[in-house]
Amino acid sequence: MPHSFGKRARTRHLFARNFREHGMIRLSTFMTTYKVGDYVDIKANAACQKGMPYRFYHGKTGVVFNVSPRALGVVVNKQVGNRFIEKRINIRIEHVVPSKCRDGFLARARANTKAAAEAKNTGVQTGSMKRQPILPALGHFVSTKNNEPVMISPVPYEILI
């Protein structure tokens, strides 16, 4: 059989919609506002073929550099050989989802700001607010006084019909 090398080759399962998510695109997809500098996840939506990104970019995270009425300009880092190239691609809004990659960082920044303001009011040093690495577990001895070793042997194979 001939082998296809088209733009959508080998995307049968990659671009497929999830279970019970087929059909028209939700209006909330179009109502979401994006600003320059926002992080977005590229997720191709097979219900709309216009403005669909090339399959390499599916699942990648990028930063919005341009906003137009129906599309976004997104900067994505692409590894080529031993270097990363900054690719600028234009994608329609249907194929983009706001990324949650910064949610943890923003929540931690808010908590740190609140804790710093509270520490300033009480007069406590703010040096203890830095994240500390997880230390290795403490060593200990296992006693065999009331803990006799148990011999483990394999169960013989039986044919069950």
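Leu27 has its place in helix H1 (residues 27–31), where helices (H or I, at least four residues) and strands (E, at least two) are DSSP runs, numbered from the N terminus. This is a predicted model, in which local features need pLDDT of at least 70, side-chain atom pairs count only at pLDDT 80 or more, and totals for chains, interfaces and linings use all residues. Residues are numbered from 1 along each chain as its sequence is written, and side-chain values use heavy atoms, with hydrogens and water left out.

The table sets two residues side by side; buried means under 20% relative accessible area, exposed over 50%, and partly exposed in between (1.4 Å probe, protein chains only).

| Residue | Relative accessible area | Class |
|---|---|---|
| Leu27 | 65% | exposed |
| Glu94 | 8% | buried |

Glu94 lies in the loop between strand S4 (83–92) and strand S5 (96–98). Leaving aside neighbours within four places in sequence, Glu94 is in contact (heavy atoms within 4.5 Å) with Ile25, Thr29, Phe30, Lys43, Asn45, Cys48 and Arg70.

Not counting residues up to four places away in sequence, Ile89 touches Ile42, Tyr57, Phe65, Leu72, Gly73, Val74 and Val76.
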